[in-house]
Amino acid sequence: MTTKHAALASALIALVVASAAGARTASTPGVSATTITIGSSGPVTGEAAAAAGVLKGADAYFKYVSSRGGVNGRKIDFKYLDDAYDPSKTVQNVRELIQQDNVFALFSVVGTNSNLAIRDFTNAAGVPQVFSAAGATTFGRDYAKYPWTIGYLPPYAEEGKIYARHILTTDAKPAKIAVLYQSDDYGKDLLSGFRSGLGAQARKLVVQTVGYDPTTSDVQSQVAQLKASGANTFMIFAFGKFAIQSFVYANKLGWKPKIYVNDVASASSIMKLDPQSTAEGSISILWGKDPATPKFAKDAGVALAAKIVKKYAPGENPSDGFIVAGMAEAFSLVDALEAAGKNLTRAGLLKAVTHMNEVNNPFLAPGVKVHTTPTFRFPISAVQLQRWHKGHWEPFGGVQSAKP
Amino acid sequence: MRFRAALVGVAVVVLALLPIPLSEFRTVQLATVGAYFIAILGLDVLTGHSGQISLGHGAFMAVGAYTTAILMSNHGVRDLWTIPIAAGVAGGIGLLAGIPALRLSGLYLALATFGIAIALPTVLKKFDHFTGGSTGITLFGKPTQTGHGAGVKILGKQLTNNEWLYALTWTIGVALFLLAWWLLSARFGRSLRAVRDSELAAAASGVNRSAYKVAAFGVSAAYAGVAGSLLAINVAYVSPDTFPIQLSLYLLVGAVVGFFGSIWGAIFGALLIQFLADIVGLIPHVDTKQGGPTTFFFGLVLVVLMLVLPVVLKVGSRVANRGYSRAS
Amino acid sequence: MTNLLQQIVSGLASGGIYGSLALAIVLIHRSTGVVNFAQGELATLSAFICWTLMDHGWAFWPAFGATLALSFLGGVALQQTVIRPIQSGPLLGIVILTIGLLIAVNGLDTWIWGGAAKQFKGPFSTSPINVGGVAFSKQDIGVIVVSILAVVLIGLLFAKTKLGLGLRAAAINPVEARLAGVRVGVMLALGWGLAAALGAVAGVLAAPSLFLEPNMMQTVLLYAFAAAVLGGMDSPVGAVVGGLVLGVLLNLVGTYVHWVGGELRLATALAVILGVLLVRPAGLFGRTAVRRV
């Protein structure tokens, strides 16, 4: 240890100490006379980076609201950190947000595993973990054990059931179904919901299921295997690039099944893949407005979203469905914060998010409402089916329930 | 020798007082630094002193972390007692891995350990009935967690949970540092370096080369196991994604930053792994919200160090050798 | 049966990608004794450059040509700036330096192009050709043909040209080569340039089917290592054959060995690496055994 080392060491220590300075007082953490600090964590980088659009959309919407006077006179300070889809990084981010940045609440933390990893901690600390961008059923169901946690998205299992119902009711010729799923809670939730939706038929109709690990480079072999099963229906319970690969490989193999693609992989940015003929006729669900859908072209909510993106998130793609989804979540949070009143407390926010009755969210599809009670904690429990046609989604059929 | 002992004394005092001015969060961050510190010490023993490279030390950390997590959540073993078990399990696996490693020259050992680090997360996910799969295992609030996440009372003094984690990690960290210091300055260390510098000469002087190389693997893996165990206890959560190839590579960067083989330098490497993102964030116009810049600078630091290291190494090894011979 | 043939055909197509990256790795290993861990990331960087040119309206072939040239120059520059200064130092030092490059280039890609996957339009059509129930595309054929073509060209270069002779001489015995008038430094730099250009080929071949993102080659690198080890670290032919064999092997094991499934592909490749290194270190085509120390 030379003096040079020692100097370097003390410089490092000084740096640590300096960056540690942070205010902590006030009765309610994260709430001052002029601001509310909200925290989040999500995959800004890594294989799931597309989902970070949710955080960018929410951030833009909060800035927009703040510029117009904020909520009950307080501006919203939204701080989100990158976890690259690694749940243990999420845990550390959330610690930083709660213990260092003193956030009032966590909002829209992205990913099922990430939310599972942090909920023991947030509930022990009594910090609201609200409107998580994750669709595992447990976030709405297990409120007795985890009162401070609430999700937002329609539960994956229900999504799977809706596809099953659609197959059972519409298929003239008997379906032979092949499923590609991500081997984690998210993919397995969809698969098990799908199976239970098919009920007694599942054994007969599902001819092949194959999992993949998201660290793999491609799903070429899996898709070839599914094709070889002789299936005429292809369920894509995959995310991001693996969803695109599924379409492209099916095409490359000359396989033309009827395709169902799960909600989180159905953003128009993903579906605009090449060649387009592959995606034609695919079915998915929607609950937020996809700006690329012609039906919403003149929609006031989509126009507002575009305006907000242009001003507060320049450089982001205004027709990215994830961004609008993030705005929908942010709109609901602002509603809840308003309802929680001027004298903002964490318990007050919890009460507000479990008494939602929001019918005017401009970023949600018509007929989709945000409704919760203390014993029913699935904010979005209605969805509509949509079909990909000529380069965009076309909603069809009525709004249907996705209540567990 | 006296100077170095004094330095350790000063370090212990600084470590003990550090949490006072620091926030809760910085305290627990430094606890994580302690876990990295221990892992890098292990890597120093293996690569720095016995000349065997490992690009997969994150895998041994994973063994330790999962040993702790599984024992705590499924078998009701209190977190503290899982630490020596984790050391034993990881060390045992390290010894076993050391035997085939004897047959591989440096380059091929690098390849093989790199492969292990890349493939490990998928294997952990596959055996999900055992490891909890990609959902991982949450330890927070488990009855086996000392203080149940709420804080611990030691010698009449109430510590917060974060202060407790810090105290635990660094107590073990300092102990393992002293152990490494003693090991490396004793016969064990001299023989390791003899084998590293000239296998032939070492063999001629009657050193059992294979035994020493395998032993180095075992010791190094045991250190990594303790580090993994402490990381699991600190974060109170483990999942396969906690141990990506990047972790193993960052540990290597950490070891190089510590001038390879100088266990004194391990602290710089450990601090770098934890705080590089914050340091890079100080550069104007660089957005560290996006992981790219931090990763880039990690790589850059390694490249630059390797370029200047031949110079540094020469100076360093002279200093180090003098230190060790004096210690004997 | 159809599935078996289909898996073999798909495996060959993936294997072509592994083989072409393995070829780049072998080329450097053969001429300098170093394994370049950054080879995969450099290939990804090349693919990003090609993508950017095409994004600016270039057609594929000019963009590809420019990428090859840039990659070659980049490889030479890299050798000159960071490898040459420590060329005479311990081998492990250079290997660790290439790991630094791996990390840095990966970070740079993310920094510049972001993390989301991009669709990359390659030169070959992806529309299916059906032969007896087995489907493949021109792209698949293209990948296999290009990787074989690359190894043939490399073989000719080494065997028939004066440059190739110099490259070999510099690799085998730098001291004598220098005495014989070979400019060893230039040869080593050219070796890195060639490898970088080959890596660019691998990256551009991979991008249309794997989709371009910063981690695209991270797992492919392990497959390429497995291919190179399987074929013998010093054998260009071995690299490509190893790649093709590995591609088929991974598909068959993933499809027919149930407890492996699609999830343990990487572990299977690792098993190949460990198995070959411990049982037959020279690989299938290698002549020199791994130096045991």
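In the predicted model, A:I36 has A:I76 of β2(A) as its bridge partner. The model being predicted, local features need pLDDT of at least 70 and side-chain atom pairs count only at pLDDT 80 or more, while totals for chains, interfaces and linings use all residues. Residues are numbered from 1 along each chain as its sequence is written, and chains are lettered from A and ligands numbered from 1 in the order in which they are written.

Strand β1 (residues 35-42) of chain A is joined to β2(A) by eight bridges, and the two run parallel. Strands (E, at least two residues) and helices (H or I, at least four residues) are DSSP runs, numbered from the N terminus; two strands pair if DSSP finds at least two bridges between them. The open sheet of chain A has five strands in the order β2-β1-β3-β4-β5, with parallel pairing. Its edge strands, each pairing on one side only, are β2 (75-82) and β5 (149-151) of chain A. From one strand to the next, the twist averages 20°.

Helix α2 (residues 53-67) of chain A lies across β1 and β2 of chain A and runs at about 165° to β2(A). Helix α13 (residues 321-340) of chain A lies across β1, β3 (105-107) and β4 (129-132) of chain A, at about 145° to β4(A). Axes are lines fitted to C-alpha atoms, for helices over the stretch in contact, and angles run from 0 to 180 degrees between N-to-C directions.

In chain A, 32 residues are in contact with 34 residues of chain B, contact requiring that C-beta atoms, placed from the backbone, lie within 7 Å. Elements giving two or more residues to the side of chain A that touches chain B are α1 (3-20), α3 (87-100) and α4 (112-125) of chain A. Of these, α3(A) gives the most, with eight residues.

For α4(A), the 14 residues should span 20 Å at 1.5 Å a residue, which agrees with end C-alpha atoms 20 Å apart; the expected span is 1.5 Å times one less than the number of residues. α4(A) bends by about 40° at A:I118, the bend being the angle between axes fitted to the seven residues ending there and the seven starting there. Because 11 of its 14 residues are buried, α4(A) is largely enclosed by the rest of the structure. A residue is buried if 20 or more other C-beta atoms, placed from the backbone, lie within 10 Å of its own. Just after α4(A), A:G126 takes a positive phi of about 70°.

Terms used. Two residues are in contact if their C-beta atoms, placed from the backbone, lie within 7 Å. A residue is buried if 20 or more other C-beta atoms lie within 10 Å of its own, exposed if 12 or fewer, and partly exposed in between; C-beta atoms are placed from the backbone.
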